[in-house]
Amino acid sequence: MTASENFLQALNGDYTSTTVTEIEEKITNLKKAKDELKSATVVKAGINVEKVNGLTSDFIGGVDISSYRALKDSGVKYYDFAGNELDDARFFKLLKDSGINYVRIRVWNNPYDASGNGYGGGNNDLQKAVDMGKLATDAGMRVLIDFHYSDFWADPAKQKALKAWADMTIAEKTAAVKDYTMNSLNTLLDAGVDVGMVQVGNETNNGIAGESGLENANTTVIFRAGCEAIQQVEQDRNKEIKAVVHFANPEKQNYMTYAKALADAGVEYDVFASSYYPYWHGTLDNLKNQLNEITEKYGKEVMVAETSWATGLEDSDGHANTVREGNNDAGMDYDFSIYGQAKELREVINAVSEMDKGIGVFYWEPAWIPVKVYDENAENAANVLTENKAAWEKYGSGWAASYAKEYDAEDAGKWYGGSAIDNQALFDASGHPLETLKIFSYVKTGAETAKKISTVKNADAIEIELGSTFTLPETVKVTCSDYTSGAENVTWNAQDVAAVNTNAAGKYTVNGTVSLEGETYQTKCVITVNPQNLLTNPRFEDGENAWILSGTGIKVLMDGKDSKDGNGYLHFYNDSDFTYDVTQTITLDAGIYRFGGYLQGGGNLAADSYEVYVSVDGKPQTAQGELNGWKNWSNPEVQNIKITKDGTKVTVGIRATASAGAWGSWDDMYLNKTGEVTPAPVVTPQPTATLTPATAPETESSSADKDTSAPVQTVDWNTVTSNVQAKIAEVTQNPNINSVNMNIVCSGETRLPAAVLGSIKGLDMTLALHSGNGVTVSISGQDLKGTALNALQNIDLTVDSKARNIPAAVAASKKAEATKQLSVKDTGAFPVTVNIHVNVGAENSGKYANLYRYNAEKKQLEYCGSFPVTRNGQSVFALKQGGDYMVTVTAAQPKETVYFNSGDYAVKAGDTLSAIAKRNHMSLAELKAKNPQIKDLHKIRVGQKLNLN
């Protein structure tokens, strides 16, 4: 019998004279038959999807494919599930056959410059909407038109008026909005596009068409004009077209504020739509509450107009993704896999279906894949990236082209390039559909697949303070395709563990492996050794101790409800407008510092201000925080705090000007020393033909610190040695002199003779060797111990600042305001710390200089650390070995893991142990001592690992 017949048979029978045992048996059979009936509808597939009960036939399963035409023009190919290449008509039929019934298309008024060059992002003008809208209609899908009322991207951060409306009065602009909306809709309908919904603006939290703030009458009159235009066309055409308003950031809990502003202004619309990206937008329960309130109060239908999820953290077009390792990848509820993508989308669909008037969900840009697949480690990487960039510029198939800078200089003008979401598509990088393309079909039936390993998670990051110990976890989390999870044993790399220096601040990566079902999976744990926190009671675990609280609505609570860690936190709330100021005063020695903390909350207005600040000699430095919803922590941080004198009193603080009802908390405050302010020299050697006076860091740079082509006199090392020894004799007799810096101008080869090195060995004296090309290297006598002196005299520290040894594609992978390549002649490991001072220009003062070493074997740049650029453009780094380096300049410190050389060297063909030892400035005996696994000095094999630490 069929499952349906079993179910009906279980229901039949006479229950009037049945025993308890017989009734229980009937119930058991009924449940079994019900389960069989349910499982009979489930589809066998490549992913698991739990059925969403109660979905109506008109529930919207939509996709935004606005970039499709630009991608096709760029040469992108798409395929069906059988591997057949698709033309336009069959691509849209694939969408329809996969369960999709609606297509969303954005429209910009004039996304071109005066020469006709497109701004990118699909170059989505009205004609492209007509083209793609007709294809969707012909395939049997309806169309949502998304008017941005801008010439390029409109979102919560920017709502710029289009060029043609820039100088209009509000009355003129209102009329233009109405005319443009009506004319565009009529054009679409005349072309045969089945327009079912129209958005009046895109993510309009902070305004629309150049007008700011929902409390502004000029803003709401634009909304009213757009909605009235839709309703007029609806009436004229006798065709139902729903007017949609669209907002983002439900985690800030402002949706009722927006809805009230629209209602008070008499804006008539049908659907209140929200973006929902789990990376930023809080929980689904909160989204449901926000949208159900809109329905309950104002009777509006609600939907999700944008959502998406990544299937991995890898980039495939050469432009950095929004979701990548170290960015939007932590603390998420779903795996970064196809199973996680299916789970996220199913959960969003389910949440909307459970809303009082939830009508559907749109997936954002499922087809935005690479023009050509880019692999940074491939031999053709540079060529592929060049071709991709050319297509982005010519066809607008990247998120922004360089031409957009005339319209959006601050965002597109700086960060133009390819797709930032190619890892969130419903197609793979080569255009083949993923199983998740069928999600809108699968949620109606359910889908199941055999249980497989989905992801082996990385271990939770570990943070410790300088000098503390750490313990790596014995297990890591493993998730499966059926969304179950468990803990599995992990084996950590012993050399990586040994390389973690708990006495040196930085980030360390420890790699590990997990063996499951005959397969080996990679995992890792990032250990951050934080500098000493100089604050007292930074986490408020000791109440108000050391902090001075003033103002209203602010207090320390100890219940742990709104803390980031532990129990204590600084809580704020008031039912009327309020201000507060919380301070702590500390005495600091000379150096460079940072001060910051973590902030969460909501209920604020645009005019509110929440900031951390530092006051030195009455001069404040500030950093603004954001309220992004409950426990969505922002991290305001004041950087590059320069203290030039020991014993300086500094006040750090937290303050706010807040509106009534704003709420939240501060926690985990920190004050760290991040660098040194190079002190002015206590003693300045008398100038000679080879010595130049030391220069204080905050004065104009000497010519030796700047890149110059002026000839520099060859160093007379005998004279240098005599002067150094004379100065040492002088300072050792003067108890008031603690340290000495000496500057030497060099040209050509830079090798320090043993006599010079021996003179400063063990002393607090630093020799700075100026190359005359904007680069200086320095060595401290305190680092010259044991055999280091003999090894160091054989190292050539000559730096070529005009080298271009790093492949262009690799260099271009680091987005920066400026870059400088350097090549240290000696490529071996250094026996002592060698500091390199690089002048990146005074115009970059206050920014960050970042050092990367080029790994030629892996064809990648490895992050070595960052330094806040001084007022005269200087930056300082510690080198562990020579080779090719690149210095970048960025506004913020990169959130990258510092690469620490483990000392591993893979033996190559032709290598001998004596040659390897000589190349790395050690004796054969020293190399043997570091590698006890070597039994015969004459026998090594290609690929064998040697420790060079």
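Gly566 is in contact (heavy atoms within 4.5 Å) with Glu541 and Gly560, leaving aside its neighbours within four places in sequence. You will find Gly566 in the loop between strand E21 (554–557) and strand E22 (569–573); helices (H or I, at least four residues) and strands (E, at least two) are DSSP runs, numbered from the N terminus. Glu541 is 25 residues away from Gly566 along the chain, yet their C-alpha atoms are separated by 7.3 Å.

This is a predicted model, in which local features need pLDDT of at least 70 and side-chain atom pairs count only at pLDDT 80 or more, while totals for chains, interfaces and linings use all residues. Residues are numbered from 1 along each chain as its sequence is written, and side-chain values use heavy atoms, with hydrogens and water left out.

**The whole chain**

- The chain has 20 helices and 41 strands.
- Of its 949 residues, 52% are buried, meaning under 20% relative accessible area with a 1.4 Å probe, protein chains only.
- Among contacts with a separation of 6 or more, 74% join residues 24 or more positions apart.

**A sheet and a hairpin**

- Four strands form an open sheet in the order E14-E19-E18-E17, with mixed pairing; two strands pair if DSSP finds at least two bridges between them.
- Strand E14 (462–465) and strand E17 (491–492) are the edges of this sheet, each with a single partner strand, so one side of each has no neighbour in the sheet.
- Four bridges link E14 with strand E19 (residues 519–530) in the parallel sense, and Ile462 stands opposite Ile527 in E19.
- Strand E15 (residues 475–480) and strand E16 (residues 485–489) run antiparallel, joined by five bridges; one of the residues to look for is Val478, whose bridge partner in E16 is Gly486.
- Four residues lie between the strands of the E15 and E16 hairpin, where Tyr483 takes a positive phi near 70 degrees.

**Nonpolar cores**

- A nonpolar core is a set of buried Ala, Val, Leu, Ile, Met, Phe, Trp, Tyr and Cys residues joined through side-chain atoms within 4.5 Å.
- The largest one has 123 residues, and Phe92, Phe272 and Ile349 have the most contacts inside it.
- Helix H7 (residues 217–237) gives the most to this core, with eight residues.
- Apart from this core lies another of 33 residues, including Phe578, Phe595, Ile643 and Val652.
- Ile349 is in contact with Val52, Leu55, Phe59, Val361, Ile439, Phe440 and Val443, leaving aside its neighbours within four places in sequence.

- On a 1 Å grid over the protein atoms alone, a cavity is a set of points where a 1.4 Å probe fits but cannot get out, and a pocket is an open set with protein on both sides within 12 Å along at least five of seven lines; lining residues have an atom within 4 Å of a point.
- The second largest pocket holds about 730 Å³ of space.
- This pocket is lined by 27 residues, and Asn206, Asn254, Asn604, Leu605 and Ala606 are the closest to its centre.
- Helix H8 (255–264) and strand E25 (609–616) are the elements that give two or more residues to this lining, with the largest share, three residues, coming from H8.
- Four cavities of 30 Å³ or more are present in the structure, and the second largest cavity has about 50 Å³ of space.
- Leu55, Phe59, Gly61, Gly99, Asn101, Phe440, Val443 and Lys444 line the second largest cavity, and helix H13 (residues 439–445) gives the most to that lining, with three residues.

Key: Buried < 20%, exposed > 50% of the residue type's maximum accessible area, 1.4 Å probe, protein only. Points joined across faces, edges and corners; volume = space filled by probe spheres on them.
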